Amino acid sequence: MKILGIETSCDETGVAIFDDKAGIIAQALYSQIELHSEYGGVVPELASRDHIRKLLPLVQEVMKQALAKPEDIDAVAYTAGPGLIGALLVGVGFGRALAYGWNKPALAIHHMEGHLLAPMLETDKPEFPFLALLVSGGHTQIYQVAGLGQYELLGESLDDAAGEAFDKTAKLLEIGYPGGPAISEWALKGTPGKYVFPRPMVNRPGLDLSFSGLKTFAANTIRAGDGSDQTKADIALAFEQAVVDTLAIKCKRALEQTGLKRLVVAGGVSANRRLREKLSEETKARGYQVYYPRPEFCTDNGAMIAYAGYRRFQAGCFEPLAFNAKARWPLANLS
Ligand code: KG4
Ligand code: ZN
């Protein structure tokens, strides 16, 4: 069985084909980073227009890579939300129409379910149940996952998502966009202990998080500093350590609270090396297992949508002809 997956929820056009016997057999990704970097963040209308330009050529490219004809494809899966509504509508309209034209079932995929299932594309796959930390540019959430579509939200960021905090802090430091990879790179040259940032909400009970205060703390530290490259690196390091520590503390608390033994970490920020090292260290010491997607599947991609489509196909979750995109869509509302 082969599922074509389409992702257009933000600034990446991703297309891939998942085969139930061979795994991901074709994939193509076009990142709009260059287009948006001039503005220091994603410009929604430009994103939609670029998806329109790139989607059809990318679908043609993966079909060619897989040596597949339309009749070889069993269903078309596309991200239906959450995300930028214009960008989503490009993928949803195209995906639903393609499924109709090919006379195949269509599958509307929740973007965060795509992220959450992405570690299952690796050889060492997590089995249900597990705890999931979803850390992206739009979401920072901790879920208790009992099975496909059974997602109980245990805690989330009350303000900025972790990725958003990386992006905003990088903008303040004037070190580039997207902020996550830029901060990580600058942090490598940082002096440990030069600055210490707070670990927000760790002294409060519960699993909610908050990252907007860290961004303000960074702004004040930058203002008081000398603006040198070394100071930027020192601030990048202190900021990154604070985000990583805070996420690790909340994960440990959630694992203890739920009694779960497996932790899945996914979403763009799960590509962060320091976060992966910290969580691997801490979970190993306590006998837990931790699972991540490979770095290229941490950020947005078509492969995770094709895979989620495969799981949804097996569960019989087919879409009617009418299509819909949702800018906001709580993961806990899935079934
Ligand atoms: O999952 P994603 O590609 O898109 C959303 O669904 O939001 O996540 C993008 C976010 C951006 O905020 C980006 O700065 C962050 O992931 N990110 C990282 C790293 N790579 C991407 N954050 C920290 N460290 C990284 N290496
Ligand atoms: Zn994403």
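**Figure 1. Polar contacts between the protein and ligand 1.** A polar side-chain atom of H115 lies 3.0 Å from an oxygen atom of ligand 1 in this predicted model. Backbone atoms take part as well: a polar backbone atom of G163 is 3.1 Å from an oxygen atom of the ligand, and a polar backbone atom of G268 is 3.0 Å from an oxygen atom of ligand 1. On its own, ligand 1 has 550 Å² of accessible area, and the protein covers 87% of this.

**Figure 2. The shell of residues around ligand 1.** Ligand 1 is surrounded by 21 residues, and the closest of them are G137, D167, G180, N272 and D300. Sorted by class, the shell contains 13 polar residues, six nonpolar residues and two charged residues. At least two shell residues come from each of helix 4 (111-117), helix 5 (162-173) and helix 6 (179-187), and helix 6 gives the most, with four residues. Domain 1 (2-117 + 297-333) and domain 2 (128-292) each contribute at least three residues to the shell around ligand 1.

Figure 3. The zinc ion is coordinated by NE2 of H111, NE2 of H115 and OD of D300, at 2.0 to 2.1 Å. Along the chain these donors follow the spacing H-x3-H-x184-D. Because H111 lies in helix 4 whereas D300 lies in the loop between strand 10 (289-291) and helix 10 (302-314), the pair ties together parts that are 189 residues apart in sequence. H111 is buried, with a relative accessible area of 6%, and D300, at 12% relative accessibility, also counts as buried.

**Figure 4. The loop between helix 5 and helix 6.** Both E174 and P178 lie in the loop between helix 5 and helix 6. E174 is exposed, with a relative accessible area of 65%, and the C-alpha atom of E174 is separated by 34 Å from that of L117, a residue 57 positions away along the chain. P178 is joined to Y177 by a cis peptide bond, for which omega is about -5°.

**Figure 5. The cis peptide bond between G81 and P82.** The peptide bond that joins G81 and P82 is cis, with an omega of about -15°. P82 is found in the loop that runs between strand 4 (75-81) and helix 3 (85-102). As background to this view and to the one that follows, most peptide bonds are trans, and most residues other than glycine have a negative phi.

**Figure 6. Two residues with positive phi, N103 and M201.** N103 is not a glycine, yet N103 has a positive phi of about 60°; N103 is placed in the loop between helix 3 and strand 5 (106-110). M201, which is likewise not a glycine, has a positive phi of about 65° and is found in the loop between helix 6 and helix 7 (212-224). With regard to accessibility, N103 counts as exposed at 68%, whereas M201 counts as buried at 14%, since the cut-offs are over 50% for exposed and under 20% for buried.

**Figure 7. A polar contact between the side chains of D19 and K2.** The side chains of D19 and K2 are joined by a polar contact of 3.1 Å. D19 is found in strand 2 (residues 12-19), and at 8% relative accessibility D19 counts as buried.

Notes: Residues are numbered from 1 along each chain as its sequence is written. Chains are lettered from A and ligands numbered from 1 in the order in which they are written. This is a predicted model: local features need pLDDT of at least 70, side-chain atom pairs count only at pLDDT 80 or more; totals for chains, interfaces and linings use all residues. Side-chain values use heavy atoms; hydrogens and water are left out. A residue is near a molecule or strand if one of its heavy atoms lies within 4 Å of it. A polar contact is a pair of N or O atoms within 3.5 Å; within protein, one must be able to donate a hydrogen and the other to accept it, and residues adjacent in sequence count only if both atoms are side-chain atoms. Accessible areas come from the Shrake-Rupley method with a 1.4 Å probe; for residues, only the protein chains shown count as cover. Ala, Val, Leu, Ile, Met, Phe, Trp, Tyr, Cys and Pro count as nonpolar, Asp, Glu, Lys and Arg as charged, and the others, Gly among them, as polar. Domain bounds come from an automatic or database domain assignment. Donors are N, O and S atoms within 2.8 Å of the metal (3.2 Å for Na, K and Ca); water is not among the atoms, so sites may look incomplete. Buried means under 20% relative accessible area, exposed over 50%, partly exposed in between (1.4 Å probe, protein chains only).
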